[in-house]
Number of protein chains: 2
Amino acid sequence: MASLVGLARLTAVAVAGLVTFWALGFQTSFLQAATDDDVHSSATAQLDFIYSVLHPLLMVIGFILLTGEAILAHRTLGGWSRGTRTSAHLALQGAAFAFGVFGIWAKFQATDGVVSNFLSLHSWMGLLCLSLFAAQWVVGFLSFWHRGEARRVRATVLPWHVFLGLYTYGLAVATAETGLLEKLTFLRQAARRSQATAASASSSFSQRSTESAVVNALGVGMALLCGMVVLAAVSPKDRPGGKSSTTRTSKAINGYHYGTSNVVHVSDGETNHGPRHHDHYHYPRPTLQGGKKVAGDEDWKLHN
Amino acid sequence: MASLVGLARLTAVAVAGLVTFWALGFQTSFLQAATDDDVHSSATAQLDFIYSVLHPLLMVIGFILLTGEAILAHRTLGGWSRGTRTSAHLALQGAAFAFGVFGIWAKFQATDGVVSNFLSLHSWMGLLCLSLFAAQWVVGFLSFWHRGEARRVRATVLPWHVFLGLYTYGLAVATAETGLLEKLTFLRQAARRSQATAASASSSFSQRSTESAVVNALGVGMALLCGMVVLAAVSPKDRPGGKSSTTRTSKAINGYHYGTSNVVHVSDGETNHGPRHHDHYHYPRPTLQGGKKVAGDEDWKLHN
């Protein structure tokens, strides 16, 4: 697990490096799009350029990478208390959402106008993604402040939260991939057009192919990162304490109250917020091979 | 679960309808791409057009929709024996793979040449996707023929198979989205160019915006379908028999032999292939609320 998280972070750093290199190393690509019809003054063009560069930077680093880190928070902050981990998750996701909204706002500032931004599939997917993200965050926020109330209800909601969250994350990555493709196709077409009119097209073409390689690597890197983050989120959890399962199970029995009603209300004192405090119920189960394997907890599932 | 599968299939039918409507209703879009430099004879252009139309049809209907149906086979064929279900899954995935290879081959037949197809992010993602798919299929095929040998090894491999399979499915959908975006951006640029030269651009523009809406709906439909299929695959399984869990558990205990060695070899007689035959071990567990809830089996996890 630790090596998977490490690999995911290494990929995240590579993705951040690639998108920064693309945005700063191939400035003409972003200039070209902004000044396509050559009617702006130099100052407007400069602003357009900044907004045009900001969009991929904010969406990839601020939104996708930060969201991935927020998802991993439940795995990487194993030593912290559950409440602190949830706060960190909530705060990181809130920051990611703010970056996402800022990134879309930057796109609106371009001279094309707001409406023209809602015609492409990229924008439709992005809108779906942001809506899901906002709904998830609000539900998570409310759930965080009502954590003591209906433990059973939260246990029902949690797998849905995890599934929808990972789906939204995957959708965000897919949306980013479409954005990269849109930009590259646009540039390729523009290059073909200039090739037809100008003679000095060969240097432009070689620059384009380097840029293609960078952007393709960025796209593949994001796809791999997405797989690693989702894998880390659904794979079985490490037990940092390493105590025998018998101790843990009996602890769980002592910690919870069982009832026969459909919804069980349990008072959620602060003393319960240890690192081994789970949202789903533990049932006493016989173990195989001297307590090394506990059925259920080592299954891959949508719990945290 | 039944309603989720039904909704997924309804979405699949809508997606199939949309891609067919796009391919057959907007033929000029595919013609335009094929005869961009106007040097081909009419017969070559006709062939190019057919290959150009075949690619989205084969990839969306033959590859993505069939793969989704193959994933759902473990859920929809609940009344069949486990061996039959696995055969159906394997056969559907094999057919999907064949359609996928055929769809890529169709793209190679276009006059652009083979190499030019491997420059875009769309092709890189597609290549990664097909490689993963092929590897998964071979492992699944081998595992199917060696099913009696090392049950414990298969239980370890299965969550990985499910995770990688769902990841590949998601990647296929993301790749298709990039393909749609690539095509639309290409067409938008071409329309803009013709707008600059020809006066009768308004009818072309309105046609483009209808086409955009169709393709965008297709893209959003595929994204939603992907979510539903993955949700159906990871959500808790229905028990078609509806027997009490106590009966099932004791059956499972009688059906399996426990050992203390790391790999347990169990002879896999045909009598074991009932609909309630699982790949992971069952441990006898006490049940809560009169046998209505069994911990573990109703968790969302990467098992079938």
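# A guided tour of the predicted model

Begin with helix 1 of chain A and select A:Leu4, A:Val5, A:Ala8, A:Thr11, A:Ala12, A:Val15, A:Ala16, A:Val19, A:Trp22 and A:Ala23, which are buried. Buried denotes under 20% relative accessible area, exposed over 50%, and partly exposed in between (1.4 Å probe, protein chains only). This is a predicted model, in which local features need pLDDT of at least 70 and side-chain atom pairs count only at pLDDT 80 or more, while totals for chains, interfaces and linings use all residues. Residues are numbered from 1 along each chain as its sequence is written, chains are lettered from A and ligands numbered from 1 in the order in which they are written, and side-chain values use heavy atoms, with hydrogens and water left out.

**Helix 1, chain A.** Now display the whole of helix 1, residues 2–25. Helices (H or I, at least four residues) and strands (E, at least two) are DSSP runs, numbered from the N terminus. Helix 1 of chain A has 24 residues, and its first and last C-alpha atoms are 34 Å apart, close to the 34 Å expected at 1.5 Å a residue. The expected span is 1.5 Å times one less than the number of residues.

**The salt bridges.** Over all chains, the structure contains two salt bridges, each defined as a side-chain nitrogen of Lys or Arg within 4 Å of a carboxyl oxygen of Asp or Glu. Select A:Glu69 and A:Arg9, which form a salt bridge with their closest N and O atoms 2.3 Å apart. A:Glu69 belongs to helix 3 (residues 42–76) of chain A and A:Arg9 to helix 1 of chain A, so the pair ties together parts that are 60 residues apart in sequence. A:Glu69 is partly exposed at 24% relative accessibility, and A:Arg9 is partly exposed at 35%.

Return to chain A and select A:His89, which is located in helix 4 (residues 82–108). A:His89 is buried, at 13% relative accessible area. A polar atom of its side chain lies 2.7 Å from the backbone oxygen of A:Ala70.

**A leucine in helix 6.** Select A:Leu180, within helix 6 (residues 151–197) of chain A. A:Leu180 is buried, with 5% relative accessible area. Its C-alpha atom is separated by 8.8 Å from that of A:Leu218, 38 residues apart along the chain.

**The cysteines.** No disulfide (a pair of cysteine sulfur atoms within 2.5 Å) is found over all chains. B:Cys226 is in no disulfide, and the nearest cysteine sulfur, that of A:Cys226, is 10.0 Å away. B:Cys226 is buried at 11% relative accessibility. Select B:Cys129 as well: it is buried, with a relative accessible area of 2%.

Finish at A:Phe141, in helix 5 (residues 121–145) of chain A. A:Phe141 is partly exposed, at 34% relative accessibility.

How values were computed:
A polar contact is a pair of N or O atoms within 3.5 Å; within protein, one must be able to donate a hydrogen and the other to accept it, and residues adjacent in sequence count only if both atoms are side-chain atoms.
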